[in-house]
Amino acid sequence: MLRVVEIDHLTIQYPDVKAIDDVSFTVNRGDFLGIIGPNGAGKSTLFAAMLGLNTKYKGTIKFFGTDTRKSKNYLKEIGYVPQKPIFEKNFPATVNDVVKMGLQKESDVSKIDEILQLLWIHELSERRIGDLSGGQQQRVFIAKALVNNPKILILDEPVTGIDQQSIDLFYSILKELNSKKNITIIWSSHDLDAVNKLANHVACLNRTLFFHGESNDFFSNDDLVKQYSEASMQEHMHHH
Amino acid sequence: MTFEIFTFSFMHRAIISGIAIAILCSVVGLFLVLRRYSLFGDAIAHSSFGGIALGLMAGLYPLWTAYGVSIVSALIMTRIKDRFNISGDASIAVLLSSGIAVGLVIIGLSGGFTLDIFSFLFGSILLVSVNDTILILSLTGIILIVILLLYRQLLYSTFNEEQAKVSGVPVEKINYLIVFMAGITVVTSIQLVGVLLISALFVIPNVTAIMYGKGFKQTAIISMSFSIFSVVSGILISYIFDITPAGTIVLFAIGIFACTMAIKSAGLLSRNN
């Protein structure tokens, strides 16, 4: 088993709170890892550190065996889909323009069509990005993330605010990318049912990591699921 | 009379320089508008006023000191904004007022306003020399080549900074490059519309074109077309009726903008068809 991600004793301290507290886990090639945790559990903070957007942390993050602080080359092998892609609503960019932004080599333009077909959005290629629905936009951002044939796809709660039909399609696409193209997927989600169906590994994060292992081991252990649900509920109450 | 104006060499220079500046302002301005930095051109123009006053007082060619002062102050302001987390509009206000303040003090020290100052405030496109025209064409060429070479990085970091960073685009360097190019563009354009109306050429053709274009390149081309039309018509009409070119050019741009709004309100503008 090839280890593609190794996170070792990661701690991220914000002025008033420890956002991530001594978290360690590894991801193997071909894994479909679901990271679950309540709001404010540190999922986006963890991703920001993994993607090199925040380098103020203790511990180490390695991709493909190399410390991310030493080289940014690993980013070429990663596709990233943010929670809600933020862009100027009337930004004059077509679907084609947006996907092309992700392309590292200008010469690979032919890949764009292929990816758009794969995600069922080829008919939208000349539409302006801001004119599409949330679900369609999300597929465009996945296309952008996939256009360089990444080895790892990182998705941060990617279905927030999207209709159920689009979510189902989105999940089936993820499943196919993982099983047919062997793309390692690291995916944070609120949706326990979806994680149960899709992921083969689960990491349960609430500032500290209180579970990491095979999906079956988590979901067959009622105590763990209950513990997670209670933590999540408390956080929910706290937020309201 | 009407066709005679095409025979004057000053008119040839004015129209050629005007077209180059129209293209430059449209392209650089589109990046600024989409970054919600519409008034940045205005701020650089005002800071260049300090540079012009400095040049006139020191007996140097005012545009050279304007290039120096406005580019350096824009870069410093961008650095301060990032370092101390000042919002974009506030940093624009600081840059804008400090340029005018410096200019006014220098003008006071050197004995008051002169005709030269007015030509920089309101533009003097009919007075551009052969050397000015060559300079304008060369700078336009260089900036367009830089934009073509770095097109993906410029577009991506304008679209979404965070995602561009994750894709390995050196976003901070690109931001400074845009500020640098905006500085050069503004000072180069002073001769056409003057310090006071520059932001019109940066903003109006672009906000109009954004209502028509689907993709980025298409929008840029539409914006350039509107801008060139406004500049050439403005120069010709202002000459025929003996009015100020800068004001006429900007009114043409505003006219196209107003027509576009009317077409849009009537429901006749749909990008999806």
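This is a predicted model: local features need pLDDT of at least 70, side-chain atom pairs count only at pLDDT 80 or more; totals for chains, interfaces and linings use all residues.
Local features need pLDDT of at least 70, side-chain atom pairs count only at pLDDT 80 or more, and totals for chains, interfaces and linings use all residues. Residues are numbered from 1 along each chain as its sequence is written, chains are lettered from A in the order in which they are written, and side-chain values use heavy atoms, with hydrogens and water left out.

**Figure 1. Chain A has eight helices and 10 strands.** Helices (H or I, at least four residues) and strands (E, at least two) are DSSP runs, numbered from the N terminus. The radius of gyration of chain A is 18 Å, close to the 18 Å of the globule rule for 240 residues, so chain A is as compact as a globular protein of that length. That radius is taken over C-alpha atoms, and the rule is 2.2 Å times the number of residues to the power 0.38. The C-alpha atoms fill a box of roughly 50 × 40 × 35 Å along the principal axes. Of the 240 residues, 52% are buried. Buried means under 20% relative accessible area, exposed over 50%, and partly exposed in between (1.4 Å probe, protein chains only). Of the contacts in chain A with a separation of 6 or more, 67% join residues 24 or more positions apart. A contact means heavy atoms within 4.5 Å.

**Figure 2. Chain B has 11 helices and zero strands.** Its elements run α-α-α-α-α-α-α-α-α-α-α from the N terminus on. The radius of gyration is 19 Å, close to the 19 Å that the globule rule gives for 273 residues, so chain B is as compact as a globular protein of that length. The box along the principal axes is roughly 50 × 50 × 30 Å for the C-alpha atoms of chain B. Buried residues make up 51% of the 273.

**Figure 3. Chain A and chain B bury about 2,400 Å² between them.** Carbon and sulfur atoms carry 56% of that area. Buried area is the accessible area (1.4 Å probe) that two parts lose on being put together, summed over both. Phe91(A), Pro92(A) and Met101(A) supply 27% of what chain A buries against chain B, more than any other three residues. The contact takes 29 residues from chain A and 21 residues from chain B.

**Figure 4. One salt bridge crosses the interface of chain A and chain B.** Arg36(B) pairs with Glu88(A), with the closest N and O atoms 2.8 Å apart. A salt bridge is a side-chain nitrogen of Lys or Arg within 4 Å of a carboxyl oxygen of Asp or Glu. Helix 2 and helix 4 (134-146) of chain A each supply at least two residues to the side that touches chain B. Helix 2 gives the most, with four residues.

**Figure 5. Ser189(A) sits in strand 8 (residues 184-189) of chain A.** Ser189(A) is buried, with a relative accessible area of 4%. Not counting residues up to four places away in sequence, Ser189(A) touches Ile35(A), Ile36(A), Gly37(A), Glu157(A), Tyr171(A) and Val195(A). A polar atom of the Ser189(A) side chain lies 2.9 Å from the backbone nitrogen of Asp191(A).

**Figure 6. Lys84(A) lies in the loop between strand 6 (78-81) and helix 2 (95-101) of chain A.** Lys84(A) is exposed, with a relative accessible area of 55%. Lys84(A) and Asp156(A) are 72 residues apart in sequence. Their C-alpha atoms are 8.5 Å apart in space.

Conventions: A polar contact is a pair of N or O atoms within 3.5 Å; within protein, one must be able to donate a hydrogen and the other to accept it, and residues adjacent in sequence count only if both atoms are side-chain atoms.
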